[in-house]
Amino acid sequence: MMRMNSWKKEGIVYEIYVQSFNDSNNDGIGDIRGIIQKLDYLKDLGVNILWLTPIFESPLVDNGYDIADYRKINPQYGTMDDVDEMIEKAHEKGLKIVMDLVVNHTSDKHEWFEKSKQSRDNEYSDYYIWRDPKEDGSAPTNHGSAFGGSAWEYCPERKQYYLHLFAKEQPDLNWDNEQMRKAIYDTMRFWTEKGIDGFRMDSISFISKPKEFSDAPVVENKEYGAYYYGISNGRNIHKYLHEMYEQVLSKYDLITIGETPHTDVEEGEKYVDPSREELDMVFQFEHMHVDYGEYGRYSDVSFKLSDLRHDLDQWQKGLSWNSNYLGNHDQPRIVSRFGDDRKYREKSAEMLAMLIMFQRGTPFIYQGDEIGMTNVDFKSINEMRDLEAYNTYERFMKLGISKERALTMVNRKTRDNGRTPMQWNSKQNAGFSNAESWIEVNPNYKEINVEKDLENKDSIYRFYQKAIDLRKSNEILIDGAYALIAADDSDIIAFVRESGNQKILVICSFADKKIKFNNPFKGKGGKLLLSNYETAKPELNDVIYLQPYEGRAYIVG
Ligand code: TEU
Ligand code: CA
C-alpha cells in the first residue's frame, strides 16, 4: 500500500516556468541561477515544493517539452553544477524540487530517434510508433496533433509514418518496448540519485498506445480526428505506471503528479488509489474545458460558474487525493479567465487563491498568480511565441475567420498569457532581466509586481501568504473530508471541510456585486478564519453578506 507521508499532504507546490522566472546572466532568458537567487522569496511566500518545467537539452520547438537528452542541461538555463547547487540550497531551506518528466515523446533530435528512423531493424527501430502508409500513401489514420495538422509524419528513410500527438518534432515513444521503458527508468534514477524529490509526468495518460490504430470517428477540429482518440488511458497505462512504481518510485521518498489529459474521474482514481501503487495525484482537465466551444480551446467563450463548480466537485468527491490548480504554463492567467482582471483584480485573485488552497488535495500555485498577473493584450500574432498559437491562428485563417477575430480568439487563450516574464519590480523588463526578454513583459508590470506587493500589507501576495500559512497549519484543511454546499447557487462556490466534529466553511463569491448567503449551519455560530475583506465580521451569523469576489473561511461552532 502506498501512503502519502506528511510532507506530501502538507505540501504547497509552486510551478516555475524556468524560461520566464528570473534571468541571472542578462541574456533575456530565465535560468537556474535565477531560481537560486529567488529561493528565499519562495520560502517567504510559504510554498515548500518547487516544480520546474523542463531544463534539459532541447531544440525548444515546444519550449523544452521536446527533450533531446534527459541527462544534459540546456546551456541557456545553466550547467549541471548550477542544478546541483539549486537542489542543495533548496533542501537547506526546506524546499523540495520536482522535475518535469516528459516521456510520452522525445525531441526528433534525441539520439534514439536519429537511430530509430535510420532502419527497421536496429536496436532503436522499435522505440517509436512507426506505421506503413495507407494504400494511397496517405497517413495511417486521421488522428490529429494537439498543435494542429496530422499526428503522422512521413519519414522517407523508413518509408513509414511516425506518430506525434504534439509537434512533428516530438515523436511519441513506444512504451510497449520493454528495453525503452528500462532506459526511461534508468534516466529517472539518474535524477532521483541526484536528490530530486519528485516528478510531474507530462501527458502521461497518452503513453500506452493501441496495437492497431483506427480512424477517429469524431472529427474534433474540422481538419483531423481528435488527437487523443483511442489513445488516452490505453490498454497498458496502469501496468506501466505500476511497473514504474516498483522499479523506481517506490525506492525513494518522491511526490508524483501525473498530467492526465482526457481522463474522467473514474479513470483518474485508478492512477491515485494508494492500493494500486501508481501515482500520488493527477492533474485533471475537466475544469480546464469549461470555456471550450466550437473551436475547442481557442473559442471566444466564457466559463459558467455551474460548470466550474460541477467539475471541481466531481473530482473532489471521486478521488482519494487531488491536485488543486486553476492555472499553469499551458493556461491563460487565472485572474483573467476565472476572476475579474479589471475592476476586481485583487479581490478576485485572492478569492481564487482561497478556492485553490482550501479544497482537499495538494494546492498548485503558478508563478505570478501570487501577485495577480494578468493576460496580455498581444497586438499581433508575432508578439506570441507558442507554436500552438501560431498553428491555431493559421487554422482560423484557413477557415475564413477574419484576421482581427482570429487574433482576438487566440489572444484570449494563448499559452503565452502565462509565459510572460515574472514581474519582480517596476524597473526595466520588470526586473526579470537587464536584456530584452525572449517574450515581451506584460506592459502592466509597473502596476503589478512583487516589490509593490511586498510593500503593501493588504496585497495579493500577502493574502497568499496568509492562505498558505492557514492551509499548512490546519489539519482540517490538510486532511479533512470535503462536501459541497449551496450546489445551485448562481454566484458562489461553497464547501465544508470536516475532521472529527470540527468543520470549516469556505465560501467563494464569483459575483461582482454584494450578495446574501444563508449559512447552512443555522444557530451554530462560528469564528472567521480568513477573508479578503477587512470588513468581514468575526462571527458566523445565520445570514451573511459577501462583498464582490469575497472569499471567506469560518470555523463552525
Ligand atoms: O501538455 C499536455 C496537454 O494536454 C496539452 O494538450 C496542453 O494541455 C495543451 O497544449 C493546452 O492547449 C503537456 C505540457 O504541459 C505542454 O506544455 C506541452 O506542450 C505538451 O504536454 C507536450 O509535451
Ligand atoms: Ca539567463
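User: How should I read a contact in this model?

Analyst: Contact means heavy atoms within 4.5 Å. In this protein chain, 70% of the contacts between residues at least 6 apart in sequence join residues at least 24 apart. Keep in mind that this is a predicted model, where local features need pLDDT of at least 70, side-chain atom pairs count only at pLDDT 80 or more, and totals for chains, interfaces and linings use all residues. Residues are numbered from 1 along each chain as its sequence is written, chains are lettered from A and ligands numbered from 1 in the order written, and side-chain values use heavy atoms, leaving out hydrogens and water.

User: What share of the residues counts as buried?

Analyst: Buried means under 20% relative accessible area, exposed over 50%, and partly exposed in between (1.4 Å probe, protein chains only). Here 63% of the 557 residues are buried.

User: And what does phi tell me?

Analyst: Most residues other than glycine have a negative phi. Asn63 has a positive one, near 50°, and Tyr549 has one near 55°.

User: Where do Asn63 and Tyr549 sit?

Analyst: Helices (H or I, at least four residues) and strands (E, at least two) are DSSP runs, numbered from the N terminus. Asn63 is in the loop between strand 3 (56-57) and strand 4 (69-73), while Tyr549 is in the loop between strand 19 (543-546) and strand 20 (551-556).

User: Is Asn63 buried or exposed, and what about Tyr549?

Analyst: Asn63 is buried, because its relative accessible area is 14%. Tyr549 is buried as well, at 8%.
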